[in-house]
Amino acid sequence: MLNNKKNFLGKLKRIGGWEVFLLVILAIIVFLNTLRAPNYLTINNQVNLFKLSIEKIIIALTMTFLIINGEIDLSAPSIMGLAACFSAFLYENGMNMGIAVVLSLLVGLACGIFNGFWIAYVSLNSLVVTLAMLIGFRGLARLFLEDRSIGYFPDWFNFIGQKNLIGPFPFSLILFFILLIIAIIVLQFSGFGRRVYVIGNNKEAARYSGVNVKRIKFHLYMASGFISALAGLLLAARYGAVRGDTATGYELDIITMALLGGVSIFGGSGTLWGVFLSIMIILNIRNGMSLASFSGHYQTGVIGVILIFSVLGPNIANQFIAWSKRRKRMIEEQKTCESDGKEVIIETK
Amino acid sequence: MKRIYGRFSPEQIRVLFLMLLIVLVVVIFSIQIDDYLTANFFNRISTSVAIIAVLAIAQTLVFLTRNFDLSLGSIVGVTAYIIGQQLTRIPNMHPVVTVIFAIGLGMLMGTINGVLIAYGRVPSIIITISTLAIYRSFLVEYSHAIPITTNNLPRWVVELNKISLLTIGGLELRVLFLIMIVIVVIFQLVLSYLRFGRRLYAIGSNPVAAKVAGFPDRNIVFMAFLLSGALGGLAGFMYLVRFGNIMVLAGQGLEFASIAAVVVGGVSNMGGSGTAIGALLGSVMIDLLENSLYRTMAVSEFWRGAILGMLILLAVAIDHVFIGRLRKIWARAGFLMTQSEEDPEKAEVSSHVE
Amino acid sequence: MNKRQNNNPILELENVYKSYNGVKALTDVHFDLHPGEVHALVGENGAGKSTLVKIIMGVIQTDAGSINLDGEPVKISNPQVAQDLGIAAIYQEPMVFPDLNVAENIFISHAQRGSIVKWSKMFRDAEEILGKLDVKLNVRMPARGLTVAAQQAVEIAKAISLNVRILIMDEPTSSLSAHEVEQLFKLIRALRNQGVAILFIGHRLEEVLEISDRVSVFRDGCWISTKPRDEITIDGVIRDMVGREFSEFFSKTKTERGDLLLSVRNLYKENTFHDINFDVYRGEVLVFAGLIGSHRTDVGLALFGVEPADSGEIMLEGNSYRIKSPEQALKLGIAYATEDRRHLGLTMPMSICSNISLPLLRDYLNKLGLIKRIEEEKTAEVFRKRLDIRASSVNISVENLSGGNQQKVMISKWLNTDPKLLILDEPTRGIDVGTKAEVHKMINDLTGRGIAVILISSDLPEVLAMSDRILVMREGKQMGIFEQKKAEQELIMAAAMGQNNIKQGVAL
């Protein structure tokens, strides 16, 4: 009996302090929300929680891979919008929706390839490139739809986004969990995932060990483009309509979900468990704020604050630890010198 | 040719090239469109360029230190709105006070950015993506979605957009335009002559050497963001003057335009290079294209984002691929030239260039 | 005028000890500098020279011992303190701001010049200082375009402008042409005559003797000798640098040389190396000997495809290849163990078995692409036993291992790829003696099984003990190939330093 307890604690330690911290935060938030709304923990409510942001959290998965790899894709929401707008545009012009969907997915893939080319092979800075394409792809999306809003998609399309597939779970939610499981398997257990970590940790060391850094980065951006397009289409299905600015401003939530989840912005560390927990936290916070009648914009502001603290916190903690170590050393040295009497200490600035 | 090596650096060449490009664009457009080169056109553009240019200067300061400021659009929106609101309530607020108030507000927001980035050591991309949202959501909450309208603004604000301090022929040099000129001149001087400005370059050029040389690098980065915010506040005031009607989403997307302007203008995010003049030229190019394509040629304004994004990418790619190589060739040739011109014996400097 | 006659040292280090991770870098070292002198410090790689420099510059602290400045004890706790005390250093790679112009680079650290930059005055002052040093540079050009020689001149100008009292020059001549060296020496003499104390570290002995007033020799972290220039001979210096017993080291067991495995002809890389020609046979150890800056590592990197050569022929088992990537090199059976173990050789937070399997990760994946952890662990266990890696389990992070054990993990990684040719770059640097012997044993083991080894080493006893043949390089140029029997430490060192008497034993 005692042995089991020890093993459990040992396992807990291995999972990581940050994830445990997130779990505690999540529990607190859920508890607070439950106080406010007694039916909070029902399946229906939880599913609703997810429904509202399902497309974002799907992209958070690919974003996690990219950030761990030491890169970023700010253009993902714009690819979402582009795919959605493109499909709507095709549909409006008489094309079969199914074919439009396939073509839009290919467009997303093309966007990913475009990004990947500049970043992986020309070695341009991923921040600048994806920032430029955030604008560029969004611009293309607007091009197709201009001011209009296109809707009235075929029933089957709407069904995917709106109706529940199995019990209370809609298609997109099931898809998310499938993707999550695949992502976990790939990232934590596959060779590809191992390489993603290694590259993010130290690109040069990875290269010296025979890892094909360029190819992996290229593949990641391709995947990001494709999944973003998929998420965009799901969004279109859920709303039932598409506008030129669909999916604008999602990058904040997505990056927060990854960074709060313990993924370091510098690359090389973080797990999907942590990201999943932080997704839950963000969703529950948003839901809680909605219950308390805070507007969408207010919620966004709060998310922004969370993002800052999720990076600032560890930074300050590290600086504090380094500072206290230095102080301890200085105090010790001072002690030995005082006893010595002769040495002069020149203070550091 | 030899003279050129000694006189101009690749960066200066780039600026000249950009000027030529702008002239080329103007020529092309004037062929396509009738009555393109009218004084009227200049007058209209001058005020829109002004806002972008001020923001481009702000972004330049930040870029030089290898950082980004994505919150500029929100800073503009918040400032424009709050100033507008105050003017609505206190119609006889003195113009100078108004401007100072606007700058101060912007400075406050810039300070928040600066503290978190310089002292909290958080990457600027993270902070400014967050403050972009935080400032905007603050504005939405604060305004309760009530827009500022020109009807409620004091006359002078609305008039200011049209007032020109100087008229040459048909060309009106409007107030906003002049503000831009003043800012560009001030910061060109700051970057060229003030130790603070030179240190911005140093930090971006070689952060390690800057540390070793004992620079207060955190303070300098902080100042860069403080100034960026201040300029954003000024741009907010200019925005209010130009548009009068301020809605909650005012200024959204301006940060991207400012980034496009500085990148096209030759300011590198890898730090160390770029000038205020370059930022100005970049703004001119961006705004020129925008106005010419969309307003005049009635190219769908929805091309805007796509073109902007492509421009940034193109500028960065060209800089990366060509300017880097050009620099090496230039440096080797130029240096050899200088050496051999001045002292033939010294001409056997080894061609060992980075 | 000439302030050399001041007999009181400006800087004095006494009884200095310093260790890193259990390896003694400096043991009971004495060193002093007088104002107005050029004091040269020579020694092999690993003799402790750079450690001494780091201590004087405040980058690291001594474990024991005292530092006196002008007779008063000081504690140089960080580089800023060193700068305030008037100590400056110029390294092989000058630290300039590439986008700022020359004049700005010179005056960059100056607080007193005020907030406003007076360009014309700055240009004039810069030209004046450079004029004093008799250097002609366009002070308006960005520093990016300058040659290394010019950048060094800028750094010296900077030091002068800061009224430096102690100037450390660490291998300043390695990238310079003969003419540029002369110019540099003129500058150094000018500085010396102004009373600056100069610590000069160099490898070209003729240069050292030309410029210095005193020469000190370090070996294995110990002070060996300090003599005034007129009492010194080149042979004497070399003898001081290398003289030691090497019985404690493993000797290469004689194995039959196998077939020709690798042939390299006319290998060339711009500004890095040129005219590299050699053969490697199965079962032999070819040692690349030389000093810092000889670019031996770059040849290794070219063979491994990390930094491919610009031109030349590489023939493996009769077939010619252009090796463009590490992936390709691995497929050809070439493996390369880097000298920078911490930053390039291992992925720090990962476990031992993850590190070992990395180059061959493909072989550890099942049909779905998932990692076969059990196989990985098995492999790691095999190596743990074989190389005696001291760790509680193969699943712990390599971060927590000692230097020697980290080295073993890195070597295991490459052994695992079953290479035909293994390139080891300074595998025993910074390692304790026990592990050194184990590494040597392993090399013997490998050659016994027909694997060819290229060993890049700066440790002369190791070079002699472990080699079948020795290829000496100097500043990217191949000086010659020695048969082991005909080689002696002093011959090798002389060749590495570019001495002309290398006629004996040169074989291709």
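Between the centres of domain 3 and domain 4 of chain C, taken over C-alpha atoms, lie 37 Å in this predicted model. These belong to a division of chain C into domain 1 (3-242), domain 2 (246-279 + 311-318), domain 3 (335-418) and domain 4 (478-508), with bounds from an automatic or database domain assignment. Residues are numbered from 1 along each chain as its sequence is written, and chains are lettered from A in the order in which they are written. Local features need pLDDT of at least 70 and side-chain atom pairs count only at pLDDT 80 or more, whereas totals for chains, interfaces and linings use all residues.

Turning to chains A and B, 36 residues of chain B are in contact with 36 residues of chain A, contact meaning that C-beta atoms, placed from the backbone, lie within 7 Å. On the chain B side, α6(B) gives the most, with 13 residues.

The largest nonpolar core has 372 residues, and I57(B) is among those with the most contacts inside it, as are L167(C) and I492(C); such a core joins buried Ala, Val, Leu, Ile, Met, Phe, Trp, Tyr and Cys residues through C-beta atoms within 7 Å, buried meaning that 20 or more other C-beta atoms lie within 10 Å of a residue's own. Not counting residues up to four places away in sequence, I57(B) touches I183(B), V184(B), F187(B), L231(B), A276(B) and A279(B).

As for confidence, chain A has a mean pLDDT (the predictor's confidence in each residue, from 0 to 100) of 84, and 89% of its residues reach 70 or more. Over residues 1-14 of chain A the pLDDT is below 50, and this stretch has 1 contact beyond near neighbours in sequence. Where pLDDT is low, predicted coordinates should not be read in detail.

Conventions. Contact = placed C-beta atoms within 7 Å. Helix = DSSP H or I, 4+ residues; strand = E, 2+ residues; numbered from the N terminus. Buried ≥ 20, exposed ≤ 12 C-beta atoms within 10 Å, placed from the backbone.
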